[in-house]
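Reader: I am new to this structure. Please walk me through the terms used for it, one at a time.

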Amino acid sequence: MTEAERRRTVRVFDTTLRDGEQAPGASLGQAAKVRAAHAIADLGVDVLEAGFPAASAGEAEAVARIAREVRGPTIAALARAGQADVETAARSIGGAGRSRIHVFIATSDIHLEKKLHMTRSECLARTASAVERATAMADEIEFSAEDATRSDVAFLVSVYQAAVASGATTVNIPDTVGYAQPQEFAALVHAIRTALPDTRVKISVHCHNDLGLAVANTLAAVGAGADEVHVTVNGLGERGGNASLEETVMALRCRADWYRVDVGVRQERLVVASRIVSELTGIPVQPNKAIVGANAFAHASGIHQDGVLKDPRTYEIMSPQSVGWEARRIVVSKLSGRRGLAARLAELGVPLDGEALDRAYALAMRRGDDVHELDEHDLIAIAAHARRPIESSVDSSTPVPAAGD
Ligand code: KIV
Ligand code: ZN
């Protein structure tokens, strides 16, 4: 195998139960959090960030339960760069098979001056002492420079260097406010990689979606050499959310020819994980959400229906089953074609062809003027009428059978 053919592995760091829970309304009780953790672990993620133990006693206990009960991924806990947070995080993940403390501090001038009231040199010192303390208390340390994308790059590099010298094995570049543009973010990842040439130190990225670019920025970072991606199920997260796990993973998989990386996620569990997280948080998934939204594999127009029925690859870049759906959906509406209607009727066990299908199609088009989508009852009623040619010869005076007729 040539160097060009060899693929590197990108680690998937799931932060649904930390940053995802920061989505307004998404916070979970202990039992729900543990259930979600099992579903996320079943996806095969490499690292599962279970929470921010310093936030509350309940959160610390939930993180501790996840650390004791969930096996597979490394269990991470978030800590601000201070002794107390680091110790609380370390206690919470003590029962994990493999533990990671995720230490963070802001590095942009606006955060240092206005939020932390700290000088750059105080920030450097806090980074070094917190990471050093954490290194003695967990299997691995990840260090994040909050608001990295609005930080002075030379200072940012010096903070990462201090973190690495103190024991961090992964350094994370957060686009905390979703400000970066893909090429710009890729250039930053490249600059940090160049400044930290020891490839045993892994580069991680954490992208927010304020401009709808979280996944694009994450992928650009992978293209620039990032070793780890922070993602959340359904893209949940603070404000506009984080990079969505399902979109990031499927982009890397579908376009493996482009990215040339492997990820360990079990993609056939994506839909079920999405459902579980949505039910537990009470946050619905928008229908047009890629991969896991109800319309992700629904075909409505006659031209598209004809195409996918002839060969699914005409309008699908992955199969619905490959990400956990039972089947694609042919939606019958006023936009459908005869072929789509025939397929749907066959699925419902009322196959029609020839003139009966022509009559059913005419009735379906008229019903389609009144409803967004013809449901099963509409279609079965239409099939029954279409099978009775004399009664249902279709002209403008023929009533469209409604469900229940
Ligand atoms: O958005 C952010 O900067 C964070 C850090 C704690 C990594 O969530
Ligand atoms: Zn974040």
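Reader: What makes strands β5 and β6 a pair, and in which sense do they run?
Author: This is a predicted model. Seven bridges join β5 (residues 99-106) to β6, and the strands run parallel. Pairing needs at least two bridges, so the two strands count as paired. Valine 103, for one, has phenylalanine 143 of β6 as its bridge partner.

Reader: How do you know that β6 pairs with β7?
Author: Three bridges link β6 and β7 (residues 170-175), in the parallel sense. The cut-off is at least two bridges, so β6 and β7 pair. Serine 144 has asparagine 172 in β7 as its bridge partner.

Reader: Why is β6 called mostly covered?
Author: Seven of the seven residues of β6 (residues 140-146) are buried. Glu140, Glu142, Ser144 and Glu146 point one way, while Ile141, Phe143 and Ala145 point the other way. In a regular strand, side chains alternate between the two faces of the sheet.

Reader: Which residues coordinate the zinc ion (ligand 2)?
Author: Asp19 (OD), His206 (NE2) and His208 (NE2) do, at 1.9 to 2.1 Å. Donors must lie within 2.8 Å of the metal, so these atoms qualify. Aspartate 19 and histidine 208 are 189 residues apart. Aspartate 19 sits in the loop between β2 and α1, histidine 208 in the loop between β8 and α8.

Reader: Is aspartate 19 buried or exposed?
Author: Its relative accessible area is 2%. Buried means under 20%, so aspartate 19 is buried. Histidine 208, at 4%, is buried by that cut-off.

How values were computed
Residues are numbered from 1 along each chain as its sequence is written. Chains are lettered from A and ligands numbered from 1 in the order in which they are written. This is a predicted model: local features need pLDDT of at least 70, side-chain atom pairs count only at pLDDT 80 or more; totals for chains, interfaces and linings use all residues. Side-chain values use heavy atoms; hydrogens and water are left out. Donors are N, O and S atoms within 2.8 Å of the metal (3.2 Å for Na, K and Ca); water is not among the atoms, so sites may look incomplete. Helices (H or I, at least four residues) and strands (E, at least two) are DSSP runs, numbered from the N terminus. Buried means under 20% relative accessible area, exposed over 50%, partly exposed in between (1.4 Å probe, protein chains only).
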